[in-house]
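Dear colleague,

Please find below the structure that I am handing over to you, followed by an account of what was found in it. I would be grateful if you could read the account alongside the model.

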Amino acid sequence: MKKNLLEKLKNYSKTAAALAVVGGTANAQIVYTDVDADTTLNTFPSNYEIDFDGDGVIDVNAQVLSNSPYYQGRMQPVGTNTSVVASSTYVAVLNTSDLISISNSFVTSSTYGLNLVSGNTSGSTWGNWNSNIDDKYVGVKFDISGTTHYGWIRVSVAYNDINDFSMTIKDFAYQAIADSAIYAGSVQADTAYTLVATDVDENGNGLDMQIEFNMAANEQFIEEYRVMVVKTADAATFNLDSANAVDAANYTAIAPTGSNISTVLTDLSNDIDGDAIINDVPYKLFVLSVTPDSVLSINNINSLSAESNEITLSFTTDISKIETNINIYPNPVSNILNIRLEKADKYTIKLTNILGEEFIIKEFNSDFTTLDINGLTKGNYILTISNNVSITTKQVVIK
Ligand SMILES: [Ca+2]
Ligand SMILES: [Ca+2]
Ligand SMILES: [Ca+2]
């Protein structure tokens, strides 16, 4: 498992997707950088400089050095207001999913930074990493343009004794939202983009809804895309929290393919409210990129695309389409009249007598409905059925 993960991580490069988000943990925005290849510091002195935000200002300098009889592996905060999560006065060993936030104890050390590993040839040791430690985290707080950001660095230490150890720097990430916490090891799925919805058929349901979108620039942390159909009236307030809460019956899951996606929904596809997708309702579509919890931690974060164009499905067929595909039964009728149309749509039906007197009017969004005609006088009636593009009439006999 771990080996696969490391292999997967090797090809990952920096993600800096621009996505408009609001504050809060669920809407976190994590910028991840792989160290490719993992960098092992095993000669004295050697170092690796970490620039979390890619602004050219080094934030943390990881280094091993010897000033005999002392040997040290350190994390040196070098950026403005940078500091490291500490236990005692040494770099703390954080586990996957430990929260890095304002609540931690941070220490800013001066010239050499904080010890992970240190000791002397007389056998004294200092620090919390003086052993074989695989894939643990250094928590960091640093400054971007005067605001505080939290991040993690994944580190392994191979330790024989105090003058025979190495530190391996594997990857790092930070929370792009100022003052917002990050979980150690937490990553975020990249975002699908440029969604285009098109009406491609004449079924009056999801079979007419084609969605095309560009795959995320990096699919490393994406388990599946979820296509979500949102009524336009609700689209402005639809956000990552809402998308995460949508029931599995009400989105379409698509596995990443390594290519851009084009797909058509099904006749059973619902919008996010659980309503069938039908004609004459304005929708906007979204794609949620879902990251599996198993990749690195239990705190990985999904990403929501920007909305698609607005799409309103409709029939472009004329009156003959309805006329030839209508089924009214039984006829003559004495109790319940069934009305079945070939395609679901928004229909209005009226039952009138031959004088034009109106007895029943009903609207429905479906390909089927019933009328209860109990109590109506026996005789000949006219059933008028219309949608937004056509109208037709049928004779009904009540017996
Ligand atoms: Ca920087
Ligand atoms: Ca790496
Ligand atoms: Ca259509």
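The model is a predicted one. I begin with an open sheet of three strands, which pair in the antiparallel sense in the order β15-β16-β19. At its edges stand β15 (193-199) and β19 (261-264); each has a single partner strand, so one side of each is left without a neighbour in the sheet. On average, neighbouring strands of this sheet are turned by 15° against each other, direction ignored. β15 runs antiparallel to β16 (residues 209-214), and five bridges join the two. In this pairing, Ala 197 stands opposite Ile 211 of β16.

Another open sheet has five strands, with antiparallel pairing and the order β2-β3-β4-β9-β10. Its edge strands, β2 (46-50) and β10 (125-126), each pair on one side only. β2 is paired with β3 (residues 60-67) through five bridges, again in the antiparallel sense. Here Glu 49 lies opposite Asn 61 of β3.

Leaving aside residues up to four places away in sequence, Trp 152 touches several residues, among them Ile 100, Tyr 137, Val 138, Phe 172 and Ile 182.

With kind regards

How values were computed
Residues numbered from 1 in each chain as written. Chains lettered and ligands numbered in written order. Predicted model: local features only at pLDDT ≥ 70, side-chain atom pairs only at ≥ 80, totals over all residues. Pairing = 2+ DSSP bridges. Helix = DSSP H or I, 4+ residues; strand = E, 2+ residues; numbered from the N terminus. Contact = placed C-beta atoms within 7 Å. Axes fitted to C-alpha atoms, helices over the stretch in contact; angles between N-to-C directions.
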